[in-house]
Amino acid sequence: MIQATNVSLVYNDHEKKVFACNDVTLEVKPGEFLGILGPSGSGKSSLLYLLSGLKNPSSGTIHHHGKDLQSLNDQQRAELRKKHFGFVFQQPFLLGYLTALENILAISPASKQRAEDLLAELGLRDKLHRLPHELSGGERQRVCVARALINQPEVIFADEPTAALDHTNGEQVVQLLNQHRGQGSLVMVTHDPTMLASSDRVERMTEGTLVGR
Amino acid sequence: MFLRRNAGKTVPLVLVITLAVMLIQSIIALINSIPLSIRTIYRYTDAFLGVSPRLDPTMTPTFVKTLTTNPPVEIEKVILCRASGAQVKSIVGKWPFAVMAMERADLDYYLQRQGAKGITGRFPKDGAPEMIISESVARNLNLKLGDTFLKPDDSENFSRMPVKVVGIIKADRWMMLSNKQYFADTQPIPIDFALIFTKDISKQGEYDRWAERKMKGEFAQLFAFHQIEKQSSEMFAVLYKIINLVIGVLVIVITTMMGMLMNIYQSQRLVEFGLLQAIGFTKQQLLKRVLIESLIVIVGGWFVGLAAARGVLLIAQAALMTPNAFALDVADPMALMYTVPVPIAILIVAIGTIWLRFRNFDPVAVVERRLV
């Protein structure tokens, strides 16, 4: 479904070339839970942003259903991210002036019933109309999970979604993502191997390079 | 939604624009009230052409003959009157005003021509030191029936004998009128002052301009309303240049200030923009959203400012202008025009600021918490 071939991402750090990703070839298969494991600074988040079209590779190609992401314009990429992908980031980013429910409807205004059902399934039935500052960190991240799931995406990209949570809450978030993703794939990067216990496949990454399973 | 749920951030922005617009509109309307008051005070001169000799006091009939021979529009009446000077109060100090003395029958015609709706009190008796004034003059000089206005010991409002106000004319126009006999008896040099009225009042201006051309080179002084209009705009030309400069500086200062405020305001929303872009909104969509919000803030502030200025001007009118019969246009279109550059300039700066921010904006920097 998503195929990255010989992908590299190079930064210029004070005139010195730094490879965030170095010649990575990887496939995300339909319906799989793919874990990408690696220490901090290993380039796993960069790989996630490349796979999701948020960043362009310095070299190599990334195809989604055979279509090169680099050939898409800004609007087409945005459309792809909005309709076909879901995102959960390290920090539970929500719009502070919108309630939990409104944060989800911001992505999909016509899906009110589904948004309410999702939030209820994620244990937030009584907190639909709470503003983010009235929710705990774990609850905020669960709202982010609901936002990622609202359009029943083909792929959910989760960038260290447990990093800002305690272990119990972290496990709960991963469990919820895995349970509710339906037929969609889940690509999760983390430095904590225990969070990938339920994954179908784990790729390890060090210094921008995939080093095997 | 953002504006409504972030009133603490939005209201100060709206208030800055409101204050700027209110300040500009109030200042301009109040300054415009000076020439407007002058035109209001001398508005009565649009009903006739006044002619007086400059050297030879006996020349008035000759001038009248010249001005009534083959005129471009039909003449309805010529009144020969006497006149003396008095002073009225204006926003910028005292202004000269004519006390015109005429026959009783001419008074009736004159008042009808000026649109008077009657008189409280009575007309001056022939030869008696009496006068009538219009309501505006009474309000301006704080005079009432029975008060003495012209006095032998008053150099500004002089008369050989104390002249009493015996009637108040019901009219918006400014008028001071007396009886011709009293003036003829007390003025040392008899100079007749001619008032020439066209039959069609709307053609008085056309006739006045013809008369000016016709009397070029004669030792006569003509009084016509369009001269007052011209003088009132010319005498404030420099003042308006200064005002334009001040308003220009004000617009630059406010726009710069607003630009900086907008910059801070939008900077506080970088996480929001980064997040929205990461999860599938385009730069264009975000730009459009921000522009709509900016438009609401700016146009809203402008409207509130206009309303606030109207309030301030209504208070000024009630407390200061009307009691002294000064003119003030609370809906002055020129003052409104002066406020227009404020929202436009702020909008341009806001668009520029936002566009610069979005041009190289990387949402990944936000979601990775490298840019918060």
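The model is predicted; local features need pLDDT of at least 70, side-chain atom pairs count only at pLDDT 80 or more, and totals for chains, interfaces and linings use all residues. Residues are numbered from 1 along each chain as its sequence is written, while chains are lettered from A and ligands numbered from 1 in the order in which they are written.

In chain A, 6 strands form an open sheet with mixed pairing, in the order β6-β7-β8-β3-β9-β10. Strands (E, at least two residues) and helices (H or I, at least four) are DSSP runs, numbered from the N terminus. Two strands pair if DSSP finds at least two bridges between them. β6 (85–88) and β10 (209–212) of chain A stand at the edges; each has a single partner strand, so one side of each lacks a neighbour in the sheet. β7 (residues 155–159) and β8 (residues 185–190) of chain A pair in the parallel sense over 5 bridges. Here A:Ile156 stands opposite A:Leu186 of β8(A).

Helix α5 (residues 137–149) of chain A lies across β6 and β7 of chain A, at about 170° to β6(A). Axes are lines fitted to C-alpha atoms, for helices over the stretch in contact, and angles run from 0 to 180 degrees between N-to-C directions. Residues are in contact if their C-beta atoms, placed from the backbone, lie within 7 Å.

In chain B, helices α11 (residues 283–321) and α13 (residues 341–359) pack at an angle of about 155°, with their axes 10 Å apart. α11(B) is therefore roughly antiparallel to α13(B) (angles over 145 degrees). Contact residues include B:Trp302 of α11(B) and B:Phe358 of α13(B).

Key. Contact = placed C-beta atoms within 7 Å. Parallel < 35°, antiparallel > 145°, perpendicular 65-115°, else oblique.
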